[in-house]
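Below is a short briefing on one protein chain, grouped by topic. Please read it alongside the sequence and the model.

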Amino acid sequence: MLHGKKLAKQVLLPSVLEDDDAETESGKLQLGEVGNRLCSQVCKLLSKGSVNDQPRMSQTEVDMRGPKDQHSSPDRNVLDGGTRYGEDEEKEPEVQECLSSDDDYDTDLELEGKEAAYDLTGQTCYMTACKKFRVVPASYFLQHMQNSTLVMMHRGLGPQGTKALAVPLVTNTSILRLNLRDNWMEGMGGAAIAEMLKENCYITEVDLSNNNLEVYGAKAIAGMLKENSTLVSLILSGNHFTDRSTEHLCPALITNTKLQHLDLSYNALGERAGEHLGDALSENTGLRSLNLAWNCIRQKGAVMLANGLGENVFLRILDLSFNGFGKEGASALGQALKENNVLEELNISNNRIPPEGAIHLAMGLKVNKTIKSLNIGRNPILNAGCYGILKSVQDNPDSALETLDFSDITVSRDFEDLYTAVKEIFPALRVNHGGRFGTFSKAKA
């Protein structure tokens, strides 16, 4: 109870509801029960403005349009249909009765003689937030908000529904893993979750993939990462992140030392993003796994990213599949493997790497002592590239390789003979390839 009262006096989630210039004096909502004042205070503070004054979207427009299509009044206050609250719309009697000055929140001395009825489950707080944001409460959330894992995928929460969800999560101490995948929360909803995570010190794993967060959401999440010290895993795949998004995220990755697993796959990260990520990797001391699959990192961006990997001393798993590293990127990765002594798993499949790039990569494998798994399948490296990589393993007595994946690459009889010889040195080594010339069989592990 004391903890709740203390939080009630702080500024929780100052930027999730409406615009900074909203007429908050006529829109403050106070709960009837004194014990639920914390929720009322959060909702009141939420209503003061959204991050960077992004216009509020109506509930009926959640799945229909983006922030640029919203209608706003001159002071950027927006409600459903573009109507300003308190001007063209009559206030409900019960709301008018609840309007009061800030004096009602000054001290706790007024609690004397009154029976507090604070709802520890957070259900009352959530219902109040839903009424404030004009959304239908999610019954699943009400039933599972005391579980350690909350999975609410494909629920169509939208920006407003996500904001309502964020209010009780501020003080929730039960949920440790939060999965809000595919809820079309957009930038505003992402900002609500980000602001919540600045205050919540219990949630350690978050999945916000496929939510169309874009640059606005990336900026809010970056701000959260600079303050949050408990989040360990963050999945942000499929959010239309671009090079501009990494301008915000990468500096945060340098500051944050607690985040261990980051997924940025299925976005639109390009050459500049590769440069930013390379700088972040060279200084980051927290990440253990990074997924950058299905992006557009190539040319100079690929080289800079590889250079950053060479300087990193913490990352264990890196997925770069389905990018465009090509010969230059593969050559830079070969140099990085000479310098990096911690990376254990590397996936560079589907990167348009030619045989020359594979040979340069092999030069790094010839001295590397930590790589256990290398996936270079579905690249045009031909038999020559496969043979060169396997030969580098044979020439490295300290090699830690356990799995080599040359999927969909056809090899020659010479390669199979070399593999037989390498197996005598490294019995645990498994090699997968697309079969031998003139046959349709798959090589066995």
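**Aromatic pairs and a charge over a ring**

Tyr 126 and Phe 141 are both buried, where buried means under 20% relative accessible area, exposed over 50% and partly exposed in between, using a 1.4 Å probe and protein chains only. The model is predicted: local features need pLDDT of at least 70, side-chain atom pairs count only at pLDDT 80 or more, and totals for chains, interfaces and linings use all residues. Residues are numbered from 1 along each chain as its sequence is written, and side-chain values use heavy atoms, with hydrogens and water left out.

- Rings of Phe, Tyr and Trp (its six-membered ring) pair if their centres lie within 6.5 Å; planes under 30 degrees apart count as stacked, over 60 as edge-to-face and the rest as tilted. This rule gives 4 aromatic pairs.
- One of them is Tyr 126 with Phe 141, an edge-to-face pair with 4.7 Å from centre to centre and 75 degrees between the planes.
- That pair links distant parts of the chain, with Tyr 126 in helix α4 (residues 123–133) and Phe 141 in helix α5 (residues 139–144), 15 residues apart. Helices (H or I, at least four residues) and strands (E, at least two) are DSSP runs, numbered from the N terminus.
- The pair of Tyr 266 and Trp 294 is stacked, because the ring centres are 5.4 Å apart and the planes are at 15 degrees.
- This pair also links distant parts of the chain: Tyr 266 is in the loop between β5 (261–263) and α10 (271–283), and Trp 294 is in the loop between β6 (289–291) and α11 (299–311), 28 residues apart.
- Trp 294 counts as partly exposed because its relative accessibility is 38%.
- Tyr 266 and Trp 294 form one aromatic cluster with Phe 322.
- Arg 155 lies over the face of Tyr 140, at 4.4 Å from the ring centre. For a charge to sit over a ring, NZ of Lys or CZ of Arg must be within 6 Å of the ring centre and within 35 degrees of the ring normal.

**Chain overview**

- The protein chain holds 15 helices and 11 strands.
- Of its 445 residues, 53% count as buried.
- Among contacts between residues at least 6 apart in sequence, 83% join residues at least 24 apart; contact means heavy atoms within 4.5 Å.

**Strands β10 and β11**

- Strand β10 (residues 403–406) pairs with β11 in the parallel sense over 4 bridges; pairing requires that DSSP finds at least two bridges between the strands.
- Opposite Thr 403 stands Arg 430 in β11.
- From β10 the chain crosses through helix α15 (residues 413–425) to β11, a right-handed β-α-β crossover. Right-handed means that, with the strands pointing away from the viewer, the path from the first strand over the helix to the second runs clockwise.
- In a regular strand the side chains alternate between the two faces of the sheet.

**Cysteines**

- How many disulfides does the structure hold? It holds 0 disulfides, a disulfide being a pair of cysteine sulfur atoms within 2.5 Å.
- Cys 125 counts as buried because its relative accessibility is 12%.
- Cys 250 is buried too, at 4% relative accessibility.

**Serines and a glycine**

- Ser 289 is in strand β6 and counts as buried at 15% relative accessibility.
- Not counting residues up to four places away in sequence, Ser 289 touches Gln 260, His 261, Leu 262, Leu 315 and Ile 317.
- The C-alpha atoms of Ser 289 and Glu 345 are separated by 9.2 Å, and these residues are 56 apart along the chain.
- Ser 245, in helix α9 (residues 243–255), is buried at 0% relative accessibility.
- Leaving aside neighbours within four places in sequence, Ser 245 is in contact with Glu 214, Val 215 and Ala 218.
- Gly 223 is found in helix α8 (residues 214–225) and is partly exposed, with a relative accessible area of 22%.
- Between the C-alpha atoms of Gly 223 and Ala 252, 29 residues apart along the chain, the separation is 7.2 Å.

**Positive phi**

- Most residues other than glycine have a negative phi.
- His 154, not a glycine, has a positive phi of about 55 degrees.
- His 154 is in the loop between β1 (149–151) and α6 (158–169) and is exposed, with a relative accessible area of 53%.
- Asn 350 is not a glycine either and has a positive phi of about 55 degrees; Asn 350 lies in the loop between β8 (345–347) and α13 (355–365).
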